[in-house]
Amino acid sequence: MDPSFLITAWVALFVIIDPIGMTPLFVALTQGDSAARRRAIALRSCIAGALILIVFASFGEAVLHFIGISMPAFRIAGGLLLFLTALDMLFDRRSKRRKDQADEEDERDDPSIYPLAIPLIGGPGAITTVILLAGQQPGIEGLVWVVGVMLSVVLLVFLLFLTAGMLERALGRTGINVITRLLGMLLAALAVQFVLDGLKGFGLAG
């Protein structure tokens with residue numbers, strides 16, 4: 001395996017998944033949760049995100065074509081889902097729901113699958129990237145290397161998620177609230193970009 005391909009693949013997935021940028025988001029989404037719950041959410045989200053990417057790396061666009069979904073349509077759907085999360089963060093709806101459900105631990109919001117696993121870890125950008133990387137290195141060996149590179153990035157995501165408690169204590173409640181709203185704005189912009197990329201795929205946006 002060409003080392004330059006592995007470096008390129010790792011950098012591409014690192015930039016797309018953005019483990020460093022997702023850590024404060026994880027803090028905002030799990031604000032007030034216990035360390036044990038945070039570890040569980042981090043583990044579930046990383047495992048689910050990795051499995052999603054493995055499926056798409058293995059079967060590529062055939063998965064979407066089989067059920068009649070184009071990649072542009074997938075990007076638009078991911079953008080819309082992400083925009084809903086951004087609205088929750090901007091208007092502090094998640095914190096309000098947590099207060100209402102404080103005595104109902106089992107019914108509290110669990111962000112591990114949505115929005116952490118998908119569309120953040122295993123989102124349209126990461127899915128497209130693993131499909132393209134697997135296409136550049138056809139065969140089982142190439143697939144194993146692509147999956148291995150992807151897993152190393154997801155492992156980094158998990159390790160950074162485990163620092164969420166320290167980051168929350170360092171920032172304090174006010175700092176977390178400010179960052180939550182700032183990230184909500186950035187997520188909204190990212191969601192719009194996903195939608196625009198999808199529309200470009202359909203030839204509907206310049």
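Colleague: Which residue forms a salt bridge with aspartate 110?
Modeller: In this predicted model, the closest N and O atoms of the pair are 2.8 Å apart, and a salt bridge is counted when a side-chain nitrogen of Lys or Arg is within 4 Å of a carboxyl oxygen of Asp or Glu. The partner that aspartate 110 finds in this salt bridge is arginine 44.

Colleague: How many residues apart in sequence are the parts that this pair ties together?
Modeller: Aspartate 110 belongs to the loop between α6 (93-100) and α7, whereas arginine 44 sits in helix α3, so the pair ties together parts whose separation in sequence is 66 residues.

Colleague: Is arginine 44 buried or partly exposed?
Modeller: The class of buried residues stops under 20% relative accessible area, and that of exposed residues starts over 50%. Aspartate 110, at 34% relative accessibility, falls in between, and with a relative accessible area of 35% arginine 44 is likewise partly exposed.

Colleague: What is the distance between the closest N and O atoms in the salt bridge of arginine 37 with aspartate 33?
Modeller: The structure holds two salt bridges, and arginine 37 and aspartate 33 form one of them. Both of these residues are buried, and their closest N and O atoms lie apart by 3.3 Å.

Colleague: How many of the ten residues of helix α7 are buried?
Modeller: Helix α7 covers residues 112-121 and is largely enclosed by the rest of the structure. Among its buried residues are Ser112, Leu116, Ala117 and Ile121, and the number buried out of ten is seven.

Colleague: Which residue does a cis peptide bond join to proline 115?
Modeller: Proline 115 is found in helix α7, and it is one of the buried residues there. Proline 119, also in helix α7, has a cis peptide bond from isoleucine 118 with omega near 20°. For proline 115, the cis bond has an omega of about 15° and the residue joined to it is tyrosine 114.

Colleague: How far does helix α9 reach from its first C-alpha to its last?
Modeller: Helix α9 spans residues 140-161 and has 22 residues, for which 32 Å is expected at 1.5 Å a residue. Its buried residues, including Val146, Met150 and Phe158, pack against α1, α2, α3, α7, α8 and α10.

Colleague: What is the phi of aspartate 18?
Modeller: Aspartate 18 lies in the loop between α1 and α2 and is partly exposed, with a relative accessible area of 34%. Although aspartate 18 is not a glycine, its phi is positive, at about 55°.

Terms used:
Residues numbered from 1 in each chain as written. Predicted model: local features only at pLDDT ≥ 70, side-chain atom pairs only at ≥ 80, totals over all residues. Heavy atoms only, no water. Buried < 20%, exposed > 50% of the residue type's maximum accessible area, 1.4 Å probe, protein only. Helix = DSSP H or I, 4+ residues; strand = E, 2+ residues; numbered from the N terminus. Expected span 1.5 Å × (residues − 1). Contact = heavy atoms within 4.5 Å.
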